[in-house]
Amino acid sequence: MEILIFWIVLISTLAVLAYSRASLTMFTAAVTVVLAIATALHIVGTLSWIIFLIVALPLNIASVRQQYLTKPLLKLYRKIMPEMSTTEKEAIDAGTTWWEADLFRGNPDWHKLHNIPAPRLSTEEQAFLDGPVEELLAMVDDWHITHERADLTPEVYQYLKDHGFFAMIIKKQYGGLEFSAYAQSCVLQKLTSKSMVLSSIVGVPNSLGPGELLQHYGTDEQKAHYLPRLAKGIEVPCFALTSPEAGSDAGAIPDTGIICKGEWEGQEVIGMRLTWDKRYITLAPIATVLGLAFKLYDPEGLIGDNKDLGITCALIPVTTPGVKIGRRHFPLNVPFQNGPTQGKDIFVPLDYIIGGVSMAGQGWRMLVECLSVGRAITLPSNSTGGIKAVAMATGAYARIRRQFRLPIGKMEGVEEAMARVGGYAYMADASTTMSVGAIDLGEKPSVISAITKYHMTERMRQAITDAMDIHGGKGICMGPNNYLARGYQGAPVAITVEGANILTRNMIIYGQGAIRCHPYVLAELQAAQIDDERAAVTAFDKALFGHIGFAISNFFRTFWLSLTGGIFSNAPYNDATAKYYRQMNRFSASLALMSDVAMGTLGGDLKRRERISARLGDILSMLYLTSAILKRYNDEGRKVDDLPLVQWGCEDNMAKAQLAMDELFNNFPNRIVGVVLKRIVFPWGRTLRKASDITEHKVARIMQTPSDSRSRLGHYLYLKNEPLNQLGMMEQALKDILLAEPIFDKVSHAAKKRLPFYRLNEVADLGLELKVITEAEANQLRIAEKGRLFAINVDDFDSEYIAADKTLPQQGPGALAKDKKEHAA
C-alpha cells in the first residue's frame, strides 16, 4: 500500500509539473524531494536512488547529455529529416507568426489576445469611406456593368483614378493614400456590397502587384518613376504569375528569361530575352504596365557564376514590342477585367527587374512575403462584404416575404439557413478585422492569411447558397433587381484565385503552420543545417529537449483538460463565453499533442498525407476563428444583445474542430496510435454540439429586426436608399413594412377579419372608409406596398433583350408550335 501511495504521489507530482511546464531543474528537484521523503519513511531504498541518478545526471549535465544523447540523435535526425525544396524553404521563412502560434502551443494567453489593440479608422480614412466611396457607389449600376457592358463605365474608371482608389497602399510621398490595411478592408467590403466587379478591380492593384512589390523591393529610380504614376492612375498595373502549366504550383512556372546581349535604344546592352504565356491575370486587358514573374537563366555567366538564378520579377511596359494583352476571360458572368498575356523572345534591359540586378532570382521570396499580407486583405474583405450584404438582404427579405400568412423568416426551416448566414457574417467580420489588424501592427501573417482566405471564401459560398434557397424564385431570376445572382455565380472565382482552396486547406495552412507556429520544430530544422558541428549540437540540444518537455506537458494537459472538459482551466471572463475559452484551452493542447504525434510517427511522410494535414489545419483554423469572434465581442464592449451571434459562431467552430479530430483519429495511418489518441482526447466521447434551435432562432430574429445588433452586423456596407442600390432599397422596405404592420392590424381588427398581407393600398382605402386610420397611416401602407412589391417581384424582359446576338430571329408566340409542324413535315 505504501509503495502504491509513493507511485501515486510521484506520478501526480510529475503530472502537475508537466501541466505547468516546469523546467528540467524543477523536475529533478521535485523528484529528489519525493525520493528523500520516501527514503525517510523507509518506502524506497538505494536501488531507487541509483536508477534516479542514472537518468537524472546525464540529463542535467549539459556536456554529457550533448555528447551521448544529443549528438547521436542529431545524426539520426539529419537522415530522416524531410527534404525541402528552395521554394518550400522560402515559403516557410516568409512572413511572421502571431496569435496562431499561441493557439498552436497548447496554452493560449487570453489576456494577450484581448490586449491586442482593435484597428480603428483615421479621420482621413473615415472621410474617404463617407465621401469618395459613397459617391463612387452612387454612380455604379451593377446590372449595366455585368450584363450590358461587361465592364465598368469610362466615368467610373476615371473616378477611381482621380480619387486614388488604385493607390490605397502607396505612400503619401509618392502621391498615394497610404491607408491602413483595416481601411482598405472597409473600402473593399463597402464596394462589394454593391458590385463584385468594382471591388475586384479596386482590390487587385492594392494587393499582390507592382505597387506593393515596388515599395518593398524597387530601386529608388523605379519608385520615383512608377509610384507617382500608379498613384495618379496614369499607369494601370497587373501582375502576371499564373501559367497554364503552373497554377497553385507557382514555383513550377515555365516562363523564362535568358540573360544575353542585345540592342536597346540603339546601344548594345546586357538584358533579358523573355518568353511567357500567362492567364487569369486581373487587369491585364487594360494594363499599361505588366508585372511579370519568370525563371531567369544566365547561361553565359554575364552577371555571375550562377546559371540558374530562379524566379525573378520584372516590370514590362505593355507598349514594349511583342507584348500581347487585350483578350479577356469571362469568369462566370462576373466580368471584371481578366485575361491572358503572352510574349515571345522580347528583349528588355536588366534594370526592368524589380529591385535591379541584385534582386535577380529573389522573386519567389518577394512574392510569398507580399502574398502573406495581400492574401489576408483582398479576398477575405471582399468575401466578408459579400456575406454581410447577403445577411442584411436575406434578413429583410425573410421578414417581408410571406407564405401561409406568415413571414418566411419565422419558419423553423428557414431559420436554420438564416442562422448560418448571420453567424458567418459576424464571424467573417471578426476574423477579417483581427487579421488586417495584425498587418497594421507590422505582422506579415502567412498562416493567418491562408486561414482567412480559405475560410472566408468558403463561408461566402455557403452563405450565398443558403440565401438563394431562402429567396427561391427571387434569387434565380437575373435582372437589375437581383442582388444575389452575381454573387452566387461568382463564388467559385474567389474560391479559386490566390491559391485554390483545396490546396490551401490540404497543404498550406498546416504545412506552414506546423513548422512556423511550433515552438521547436523550426529551431530543430535550422540547427540540423548548421555546418559547425559543435554549434549544431548545442542548438539542436536546446530545441530537442525543449521539444521533449513540450510534448510531455501537452500529453498531461490534454489528458486533464479532456477528462474535465477544461472546466478548471483559465478563462478571462466568468460569463456565458467562459466555456468557449475553456474548450479552446482543451483543443489547443490537443492540437499540440496531435501535431507532435503526427510528426513523430509519420516524419517526412506527413506532408504527403494531405488529409491528415488538412484536419490538423481545420483544428487550428477553428481555434483562430473562434478567437476572433471572442475578441470582436470584447472589443465591441461585450454587448449582450450580440451574444446569440457569438454563441452560434463559437459552437459551430468548436463542433467542426471536434469532428476534424474524430476523423483524424479514425483515419490515422497507425491505427493503434489513432485509437489511443481518441481515448485520451475524447474520454467521454464527442460531447460538443452545434448551436441549438433556440440560438438559431435568436440569430434569425436579429437579422430580421432593425436594432443596434443588426446594424453592427452590416456596418461598412452601402445601405443608402436609392434606385440603383437594391440593398438600400431592401433596408427601406423592411422599415416601411414594420411601420405598416400595426396599422394593418388596426384595419383588420376594425374589419373583423384577418386580411391577407398584400394589396396594402387597398387596405389603406378600407381603413379610411372604416375611419380607423389617418391619411398619414394610409400613406404608410401605400409606401409599404411599393416596398413589398419591390422585395418580392422579379425582373422580366423582351426576348430580344435577353439574346446575346440581337440579329438572330427570336421565338414569338406560336413560333415553337410552327417549328414542330415544319419539322414533322
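I began with Tyr68, which is exposed because its relative accessible area is 62% (exposed is over 50%, buried under 20%, partly exposed in between, with a 1.4 Å probe and protein chains only). This is a predicted model, where local features need pLDDT of at least 70, side-chain atom pairs count only at pLDDT 80 or more, and totals for chains, interfaces and linings use all residues. Residues are numbered from 1 along each chain as its sequence is written, and side-chain values use heavy atoms, with hydrogens and water left out.

I found Tyr68 in helix H4 (a helix is a DSSP run of H or I, at least four residues, numbered from the N terminus).

Next I looked up the second largest pocket, whose volume is about 950 Å³. A pocket here is an open set of points on a 1 Å grid where a 1.4 Å probe fits, with protein on both sides within 12 Å along at least five of seven lines; lining residues have an atom within 4 Å of a point. The volume is the space filled by probe spheres set on the points.

Which residues lie nearest the centre of this pocket? Of its 31 lining residues, they are Leu24, Phe27, Thr28, Leu59 and Ile552. Helix H23 gives the largest share of the lining, 9 residues.

Then I followed H23 (residues 533-564) to Ser553. Is Ser553 buried or exposed? Ser553 counts as buried, because its relative accessibility is 1%. Leaving aside residues up to four places away in sequence, Ser553 touches Ala18, Tyr19 and Arg21 (contact means heavy atoms within 4.5 Å).

Notes:
Helices (H or I, at least four residues) and strands (E, at least two) are DSSP runs, numbered from the N terminus.
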